[in-house]
Amino acid sequence: MVYIASWQEYQEAAEALYEKSPNKTRYCVKWRQSADGAGNLVLKITDDTTCLKFKTHSSVFLNRFDALNLTLMQKMQNRRPTQASPAPLAAAPSTPQIPASASLTPSETLASSPAPSGTSGGGVKKKKPKKKK
């Protein structure tokens, strides 16, 4: 469990480790607040045979940390990055498509939605008042 000093090395090694054994790899993020007010960000990725760690106290690495998290989450979900503006189709229909739920009346929409179970709104259930004698 040796800390890797370079961010670029850590990022490449972490992605390679996940691609090597995606079913066994675990990724852990820790934030440790020190007494002087500064904090340490500790990243650890392991597959039980190889353990990679990176530690920093600099806020410069937060954007890089977010980018690494996004990359690993996309790999864990088996997704590819999406483009912001997809290419327009040549044979796209000129009339707008209306979803089927838009043609329902408000009462039909309420009837088709599942009724909430238990207390509504996620609040705490009110106590029943005591019976008067």
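**Ground rules**

I number residues from 1 along each chain as its sequence is written, and my side-chain values use heavy atoms, with hydrogens and water left out. Since the model is predicted, I ask for pLDDT of at least 70 for local features and 80 or more for side-chain atom pairs, while totals for chains, interfaces and linings use all residues.

**Overall fold**

I started with the secondary structure and found three helices and three strands. I take helices (H or I, at least four residues) and strands (E, at least two) as DSSP runs, numbered from the N terminus. Along the sequence I read α-β-β-β-α-α.

Next I looked up burial: 21% of the 133 residues count as buried. For me buried means under 20% relative accessible area, exposed means over 50%, and partly exposed is in between, with a 1.4 Å probe and protein chains only. The protein exposes about 11300 Å², and carbon and sulfur atoms supply 56% of that. Those areas are from the Shrake-Rupley method with a 1.4 Å probe; for residues, only the protein chains shown count as cover.

I also checked contacts (heavy atoms within 4.5 Å). Among those between residues at least 6 apart in sequence, 50% join residues at least 24 apart.

I see an open sheet of three strands in the order 1-2-3, with antiparallel pairing. Strand 1 and strand 3 (51–56) are the edges, each pairing on one side only. The twist averages 15° from one strand to the next. For pairing, I need DSSP to find at least two bridges between two strands.

Strand 1 (residues 26–33) and strand 2 (residues 39–46) pair over eight bridges, in the antiparallel sense. I picked out two bridge pairs here: W31 with L41, and V29 with L43. These two strands make a hairpin with five residues between them, and G37 in the turn has a positive phi of about 100°.

I take angles from 0 to 180 degrees between N-to-C directions, with axes as lines fitted to C-alpha atoms, for helices over the stretch in contact.

The hairpin of strand 2 and strand 3 has four residues between the strands, and D48 in its turn has a positive phi of about 75°.

How covered are strand 2 and strand 3? I count six of eight residues buried in strand 2 and five of six in strand 3.

**The core**

The largest nonpolar core has 16 residues, and W7, Y10, Y27, L43, I45 and L68 have the most contacts inside it. Helix 1 (7–20), strand 2, strand 3 and helix 2 each give two or more residues to this core. The largest share, five residues, comes from helix 1. By nonpolar core I mean a set of buried Ala, Val, Leu, Ile, Met, Phe, Trp, Tyr and Cys residues joined through side-chain atoms within 4.5 Å.

I then followed Y10. Leaving aside neighbours within four places in sequence, Y10 is in contact with I4, Y27, L43, K44, I45, L52, K53, F54 and L68.

**Helix 1 against helix 2**

How do helix 1 and helix 2 pack? I get an angle of about 10°, with the axes 11 Å apart. The two helices are therefore roughly parallel to each other. My cut-off for roughly parallel is under 35 degrees; over 145 is roughly antiparallel, 65 to 115 roughly perpendicular, and the rest oblique. Helix 1 makes the contact through W7, Y10, Q11, E15, Y18 and E19, and helix 2 through F61, R64, F65, L68, T71, L72, K75 and M76.

Beyond neighbours within four places in sequence, E15 is in contact with L68, T71 and K75.

T71 lies in helix 2 and counts as partly exposed because its relative accessibility is 23%. I also noted that T71 and Q11, 60 residues apart in sequence, are 9.9 Å apart in space, C-alpha to C-alpha.
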